Number of protein chains: 2
Amino acid sequence: MAKQLREPEEALYPAPVVLVTCIDEKGRSNIITLAWVGIICSEPPMIGISIRPSRYSNSLIKESKEFVVNIPTVDLLRKVDYCGTVSGKTVDKFKEAGFTPESAAKVRSSLIKECPVNIECKLKQQLTLGVHDLFLGEVVAIHTTEEILNEEGKIDYAKAKPLVFNQGEYWNLGKKLENYGFSQGRIKEIPFKSELIGEDQVVA
Amino acid sequence: MAKQLREPEEALYPAPVVLVTCIDEKGRSNIITLAWVGIICSEPPMIGISIRPSRYSNSLIKESKEFVVNIPTVDLLRKVDYCGTVSGKTVDKFKEAGFTPESAAKVRSSLIKECPVNIECKLKQQLTLGVHDLFLGEVVAIHTTEEILNEEGKIDYAKAKPLVFNQGEYWNLGKKLENYGFSQGRIKEIPFKSELIGEDQVVA
């Protein structure tokens with residue numbers, strides 16, 4: 001079947017759905033829901049997040065030079081959506097959404113207790129690209145609830161139940177199909193600290 | 001339940017799984033499987049992809065200043081994994097994986113015919129972060145097969161069946177839960193060109 005040629009847009013899918021927390025000058029933490037988020041480097045571990053300059057969190061991250069990536073479960077969907085539709089300029093989202101702040105280990109922003117994984121990041125670089133600024137953060141600490149771990153201490157994604165974002169639609173995860181490297185039959189188990197999928201990795 | 005504090009690593013999930021094509025100086029297209037990929041800007045639409053300097057595709061993109069993000073379906077999983085475990089330095093991956101090259105509209109690299117969505121990008125910037133280089137590409141053209149579109153011309157993700165990557169594990173998509181903005185009850189339908197989930201967006 002023939003393909004349609006379309007105008008440029010941000011057509012990539014799927015994307016993660018995360019709650020990013022950051023802190024204002026008075027020490028109050030804010031929450032912003034983001035999907036334009038991804039891993040950008042394995043060593044040092046780094047995460048990129050894109051936020052429009054008009055968003056309250058944008059200025060907070062520029063000033064505080066830190067943020068936390070909190071990964072929600074599908075059970076939190078209504079709160080996640082709420083935090084993506086109101087502004088921290090006028091609303092205390094921790095209070096209104098009913099999230100519980102927890103102290104971080106290496107940054108000042110609060111973690112969200114209800115999220116099973118919290119990734120503390122320090123801002124290394126920021127880029128103005130267009131309607132979004134790209135913030136490059138280095139991971140400095142990670143917190144995980146034991147409830148989502150298997151016996152080997154690795155995350156069981158059937159328990160972690162992340163949200164998946166497809167251009168305006170929230171989806172859940174289906175089932176596990178295979179481990180990376182299965183086509184070569186050389187990897188029986190993936191280490192917890194898994195890698196970018198890349199050329200050479202399994203066979204080299 | 002208490003949380004465990006862990007050492008820094010690239011702990012974000014889920015991630016997309018894509019096949020990036022790029023071209024060498026002789027006009028031959030290569031394929032690399034990537035998961036460290038994400039939308040970084042809506043206007044102009046931009047995608048960030050991270051690749052280790054040792055990978056063959058890294059040097060090709062640096063020289064050609066372009067790449068194509070091809071989004072596979074779960075049915076292509078074995079080929080996707082294969083293209084992430086051998087090097088284009090020694091293997092013609094189009095031939096060995098059995099993928100069909102298609103001409104792009106605005107770049108020289110081949111599209112992968114079997115992928116229902118192909119996103120052509122021109123390199124705008126590259127950053128050396130650590131073990132990965134981050135390439136920032138601007139989307140210049142998109143191709144979609146009609147087979148994955150609904151009656152309104154929007155992508156039906158139940159038909160597009162993307163792969164989801166969770167730290168070394170390939171998963172499939174589950175089911176659609178809600179549209180962005182549902183918690184406010186103000187958006188009945190999401191436009192095809194959906195946005196970053198951000199503060200203010202629905203209520204402002």
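# Briefing: a predicted two-chain model

Setting aside neighbours within four places in sequence, Ile47(A) contacts Val37(A), Ile39(A), Ile40(A), Val69(A), Ile119(A), Cys121(A), Gly137(A), Val139(A) and Leu12(B). The list includes one residue of chain B, Leu12(B). The model is predicted. In its largest nonpolar core, which has 124 residues, Ile47(A) and Ile47(B) touch the most other members.

- Pro45(A), Ile47(A), Ile49(A) and Ile51(A) point one way from S6(A). Met46(A), Gly48(A) and Ser50(A) point the other way, and these are buried too.
- In a regular strand, side chains alternate between the two faces of the sheet.
- Strand S5(A), residues 37-42, runs antiparallel to S6(A), with five bridges between them. Gly38(A) has Gly48(A) as its bridge partner in S6(A).
- The link from S5(A) to S6(A) is a hairpin through two residues.
- S6(A) also runs antiparallel to strand S11(A), residues 133-145, through six bridges. Here Ile49(A) stands opposite Phe135(A).

**Chain A as a whole**

- Chain A holds four helices and 13 strands.
- Along the principal axes, the C-alpha atoms of chain A fill a box of roughly 55 × 50 × 30 Å.
- Of the 204 residues in chain A, 55% count as buried.
- Among contacts in chain A with a separation of 6 or more, 58% join residues 24 or more positions apart.

**Helix H1 of chain B**

- Helix H1(B) spans residues 56-64, and its buried residues are Tyr56(B), Ser57(B), Asn58(B), Leu60(B) and Ile61(B).
- These buried residues pack against six strands of chain B: S3 (18-23), S4 (29-34), S6 (45-51), S7 (66-71), S10 (117-128) and S11.
- Lys65(B) follows H1(B) and has a positive phi, near 60°.

**The sheet shared by both chains**

- Six strands form an open sheet with antiparallel pairing, in the order S2(A)-S12(A)-S13(A)-S13(B)-S12(B)-S2(B).
- Which strands are at the edges? They are S2(A) and S2(B), and each pairs on one side only.
- On the chain A side, S2(A), residues 15-16, pairs with S12(A) in the antiparallel sense over two bridges. Pro16(A) stands opposite Val164(A).
- On the chain B side, S2(B) and S12(B), residues 163-166, pair in the antiparallel sense over two bridges. Ala15(B) has Phe165(B) as its bridge partner.
- S12(A), residues 163-166, is covered on both faces. Leu163(A) and Phe165(A) are buried on one side, Val164(A) and Asn166(A) on the other.
- Four bridges join S12(A) to S13(A), and the two strands run antiparallel. Asn166(A) has Glu169(A) as its bridge partner in S13(A).
- The hairpin of S12(A) and S13(A) has two residues between the strands, and Gln167(A) in this hairpin takes a positive phi near 40°.

**The interface**

- How many residues of chain A are in contact with chain B? The count is 101, in contact with 101 residues of chain B.
- Strand S13(A), residues 169-179, gives the largest share of the chain A side, with 11 residues.
- By class, the chain A side has 54 nonpolar, 29 polar and 18 charged residues.
- A further strand pairing crosses between the chains. Strand S1(A), residues 3-6, runs antiparallel to S11(B), residues 133-145, with four bridges. Arg6(A) stands opposite Ile142(B) in that pair.

**Symmetry**

- A rotation of 180° with 0.0 Å of shift along its axis superposes chain A on chain B, at an RMSD of 0.0 Å. That is the relation of a two-fold axis.
- Which residue of chain A comes closest to the rotation axis? The answer is Gly174(A), at 1.8 Å by C-alpha.
- The copies meet through the same surface, because 100% of the interface residues of chain A are also interface residues in chain B.

Definitions and conventions
Residues are numbered from 1 along each chain as its sequence is written. Chains are lettered from A and ligands numbered from 1 in the order in which they are written. This is a predicted model: local features need pLDDT of at least 70, side-chain atom pairs count only at pLDDT 80 or more; totals for chains, interfaces and linings use all residues. Two residues are in contact if their C-beta atoms, placed from the backbone, lie within 7 Å. Ala, Val, Leu, Ile, Met, Phe, Trp, Tyr, Cys and Pro count as nonpolar, Asp, Glu, Lys and Arg as charged, and the others, Gly among them, as polar. Two strands pair if DSSP finds at least two bridges between them. A nonpolar core is a set of buried Ala, Val, Leu, Ile, Met, Phe, Trp, Tyr and Cys residues joined through C-beta atoms within 7 Å. A residue is buried if 20 or more other C-beta atoms lie within 10 Å of its own, exposed if 12 or fewer, and partly exposed in between; C-beta atoms are placed from the backbone. Copies are superposed by least squares on the C-alpha atoms of residues with pLDDT of at least 70 in both.
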